[in-house]
Amino acid sequence: MKKLLLIGCLSQSMLGFTQESSPAMHIEKKVLKNGLTVLVRPNHTVPKVSMHLWYKAGSKDEKDGEKGIAHLIEHMMFKGTKEMLSESDIKVIAHMLSGNCNAFTSYDYTGYLFNMPSHNWRQVLPIMADCMVNTSFKDEHLNSEMKAVIQELKMLKDNHVRTVIYDLLTTIFPDHPYHYPLIGYKQDLWSVKGEDLERFYKKHYLPNNATLIVVGDVDTQEVFKLAEEHFGDIPANFDYKKEEFYHNPDIASKTVSIYRDVQQPVGVMAFVVPGAKEKIAHLTDVISNMLAGGKSARLYKKLVDEKQIVTLIQASCLDLFDHGLFLIIFAPKSEQDVGHIERIIFDEINDIVEHGFGDSELQTALKQAKMSEYSLLEKNEQQAYVIGKYSLACDDPGYAYTYLDVPKDKMEKDIQDFLADYFRPSIMHQGLVLSLPEGDKKQWLKLQEASDEQDTKILSARQRETQVEPPKYAQTIKIAQMNEFDFPKAQTAELSNGTKVFWYENDQTPKINLALELKAKQWHDPQDKQGLFTFVARMMSEGTKNYSAHELAHEIESRGMEISIYPGGVSMVMLKEDFAKGLELLAEILTNATFDKDAVEKVRTQLLTDLKRYWDNPNSFASQLMSEMIYKDHPFSKNSMGTIESINSITRDDLVGFYNSFISPDSAKCAIVGDIAGYDLKSEVEKTLGSWDGPKIDDVDFPKVQDICSLEKNYPMHRDQVTLMLAKKSIDRKDDDYDKLLIFDQIFGGSLHSRLFQLREQSGLFYTINGSTVAQAGVQPGMVVVRTLVSTDRAKESEKAIKDMMATVAETLTERELAEAKNALANGLVSFFDSNANIAQAFLFLDKYGFDADYFDHRAKNMVNVTLDEVKNAASKYLLPDKMCVLRVGRI
């Protein structure tokens, strides 16, 4: 399901150019005779197209006896139609056409999307049109999909912050459909039949209740013509009316507390605000940035820096159509501090209401929104999403590009009035994720075991007897010839200190991205000081010789800049006008960090809290446990976050010593991509980074990675699902078998038509599953990995099914699968160049492995020569189910 939080954007007038000249504002609209709205936003940067079909029908439109049906229809929509499409056709065709498909359900809408290379998008429209009227809801298909949906329910229950937020919705809106869970309760789903889905579908899936959005490398008039051709004859129902729902507001404050097996508590403050249809995003977005948009934001400065009683603070708006929920989420150092934290937050809100804010505070929030706008313009799928959302919510498809077109004085007053109206203690709702008391753990297990038994009993009666239907319409699909693409080539130079610089001009947006790669990586941490580099990276933005921590944060965030420092590198994004200042601040961070003693202890506390959150989430730490099994004493087994013991043992001298020894220009590489016209790049970078010096860094003497086979590890944890991983050693990036395995991965686990996903379709054992034979392959060998989430009661069955499939997949590969995999990889090459950040990383990748500048020009042709037998042999060599190490995290 799509993330529901607002994607912030900035108006074009504030960016310095008019609405008429803005490419972002070029959204064309046509309404067909049957009421279908068609919206087109051409973007010719890369040969890719994103197509969305949205229906203004979601879970809030369900009546009694229909709960969960909107989401179930989303799952069933890609499982075939009454005549044209078989159960597997849509996923097969998406893979054949080198694209992907997905879907999402909200309370207010349901959407279906296809992302395609621009030479293949046309073939998707007849499929989308057929699904609008002819979807077949076969009970056999529903039986297997029902099991996957139950797995999805369990997965979502293990996301504790999400759980408490949606429990708050249930509590806050007793008289509105937002009261009911988006997916429904599982008891709502057990008895659902295909005919139940079809009734809802026939009522709501109408052209006059739908919007088609196409963003990317297309001609607008051709889109309109083809939309008319494929959708124009679908009958409308002009008697269809949307029901309006009412909520009785009250002056009341409600609390939801959930108790889970976690180390780190989380607090949520929730405020009911007007919904997306009221077009108040300019207020919620700016307020989010003011309160918690970075280190210079009010709540961060007060709670994290000054009081040091919170280690994480976030603010955002869950902007549903009818009503929104503005959320302030924080990680307290202690559960006992929650009330004190909330009082401080209200003090800051009241200060804004009573005294307002300075120009600098508002401009910082606006600049941050501006950078979000530019990032949005690089991504077709995200643009299609916000166009669809605001078209349905407020009949304004361009709202995401204009919502900050508000006079400054009005904006200031509106913010104060908005906070005064909606952010009061008497109407604040509280959510808490608290540690499960020891005495309740047995009861929690009993509840889970009873739930599992109930699921098994009910679902055992919904067995699928038939095999997955083979593709039918896919046999008629003809693959168009791939469009030519001029892969960007970097200009290069070397600074006086030896740093390599790569740059490329891309004026799609007036921003610049910078990526700096250091020779030192996380494996340079001493064995007993794991997490040291992460600690140093955090400290590098906590004050320098010329800037205090607050001054540095202000210099960065007041310009809308973003700087991320991590073990092995630094990434930056800045406006073109701030490029020189950005380079100056980067040099300051690299050369003049001060490691203030008080800041060291503050960051230590943050890191310890991060570790608690990390070990609360199996999705985070399972990969680390598997790395320790596969790499054992190899440096790749080190945890970049460290351990409680190692973080506590690190001294200021350790931090300063590591900084002086490893933050060095030795073998450093810097890639700069964006609107750099008018800059003498080499001269500009030399002025700031050329004087950066540091010692030579010794190469790490990596020992040979041993073949660790057939180890098993169980990590007991109170969770609804089991995280299951199977893995073994693979190869490095320059191994002769790499391309063969990369091609195999497309067939094995690279799409919704992969062999692993077919196993999911047939069995319903898991909601999500993925796998690769070259995971993390780099200068050192990577891993063969399969990963999924399963119910405790089906963990053994799932493990056996995966191993059985692995044992036979290589020998059953076909020439057709091989051709489709090669096409998918060839067409996916442009994704390395669809944003400034990706282009910068592509240049660093080429240098890292010594590939020629024209590597991407010849990449597709080189893969064409790989034969089916070569792929089979490579897969057979490394995909050895009996030698896989197995990790299970959960109720084991």
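A: The crossing of helices α3 and α8 is right-handed. Please bear in mind throughout that this is a predicted model.

Q: What describes two packed helices in general?

A: Two packed helices are described by the angle between their axes and by the distance between those axes. Here, helix α3 (residues 125-134) and helix α8 (residues 220-231) have axes that come within 9 Å and cross at roughly 40 degrees. Because angles under 35 degrees count as roughly parallel and 65 to 115 as roughly perpendicular, α3 is oblique to α8.

Q: Which residues make the contact of α3 with α8?

A: From α3 the contact takes Leu125, Pro126, Met128, Ala129 and Met132, and from α8 it takes Leu226, Ala227, His230 and Phe231.

Q: At what angle do the axes of helix α17 and helix α20 cross?

A: Helix α17 (residues 532-539) and helix α20 (residues 597-616) cross at roughly 125 degrees, and their axes come within 10 Å. Angles over 145 degrees count as roughly antiparallel and 65 to 115 as roughly perpendicular, so the value falls among the rest, and α17 is oblique to α20. The crossing of α17 and α20 is right-handed.

Q: Which residues of α17 and α20 make the contact, and how do they divide into nonpolar, polar and charged?

A: On α17 they are Thr534, Phe535, Arg538 and Met539; on α20 they are Ala599, Val600, Val603, Arg604, Gln606, Leu607 and Asp610. The division for α17 with α20 is six nonpolar, two polar and three charged.

Q: How is an aromatic pair to be read?

A: Two rings pair if their centres lie within 6.5 Å, and the angle between the planes then gives the kind of pair. By this rule the count comes to 49 aromatic pairs. In one of them, tryptophan 54 and tyrosine 385 lie 5.2 Å apart, centre to centre, with 55 degrees between the planes, and the pair is tilted. This pair links distant parts of the chain, 331 residues apart: tryptophan 54 belongs to strand β3 (residues 48-55) and tyrosine 385 to helix α13 (residues 380-394).

Q: Are tryptophan 54 and tyrosine 385 buried or exposed?

A: A residue is buried if its relative accessible area is under 20%. Tryptophan 54 has 0% and therefore counts as buried; tyrosine 385, with 3%, is buried.

Q: What kind of aromatic pair do tyrosine 390 and tyrosine 399 form?

A: Tyrosine 390 and tyrosine 399 form an edge-to-face pair, with 70 degrees between the planes and 4.9 Å from centre to centre. Tyrosine 390 is buried at 2% relative accessibility, and tyrosine 399 is buried at 4%.

Q: Which residues form one aromatic cluster?

A: One aromatic cluster is formed by Phe485, Phe487, Phe832, Phe833, Phe845, Tyr849, Phe851, Tyr855 and Phe856.

Q: How may one read a backbone angle, and where does glutamine 308 lie?

A: Glutamine 308 has a phi near 55 degrees, a positive value in a residue other than glycine. This residue follows α10 and lies in the loop between α10 and β9 (310-319). With a relative accessible area of 30%, glutamine 308 is partly exposed. Helix α10 (residues 298-306) has as its buried residues Arg298, Leu299, Tyr300, Leu303, Val304 and Asp305.

Q: Where does glutamine 776 lie?

A: Glutamine 776 lies in the loop between β20 (769-775) and β21 (783-791). Its phi is positive, about 65 degrees, although glutamine 776 is not a glycine. At 49% relative accessibility, glutamine 776 counts as partly exposed.

Q: Which residues does glutamine 151 touch?

A: Leaving aside residues up to four places away in sequence, glutamine 151 touches Gln721, Gly764, Leu765, Phe766, Tyr767, Leu789, Val790 and Ser791. Glutamine 151 is found in helix α4 (residues 139-157) and is buried, with a relative accessible area of 3%.

Q: How many residues apart in sequence are glutamate 373 and tyrosine 401?

A: They are 28 residues apart in sequence, and 7.5 Å apart in space from C-alpha to C-alpha. Glutamate 373 is found in helix α12 (residues 359-376) and is buried, at 0%.

Note on methods. Residues numbered from 1 in each chain as written. Predicted model: local features only at pLDDT ≥ 70, side-chain atom pairs only at ≥ 80, totals over all residues. Heavy atoms only, no water. Axes fitted to C-alpha atoms, helices over the stretch in contact; angles between N-to-C directions. Helix = DSSP H or I, 4+ residues; strand = E, 2+ residues; numbered from the N terminus. Left-handed = near helix turned anticlockwise from the far one by under 90°. Contact = heavy atoms within 4.5 Å. Nonpolar A, V, L, I, M, F, W, Y, C, P; charged D, E, K, R; others polar. Phe/Tyr/Trp six-rings, centres within 6.5 Å; stacked < 30°, edge-to-face > 60°. Buried < 20%, exposed > 50% of the residue type's maximum accessible area, 1.4 Å probe, protein only.
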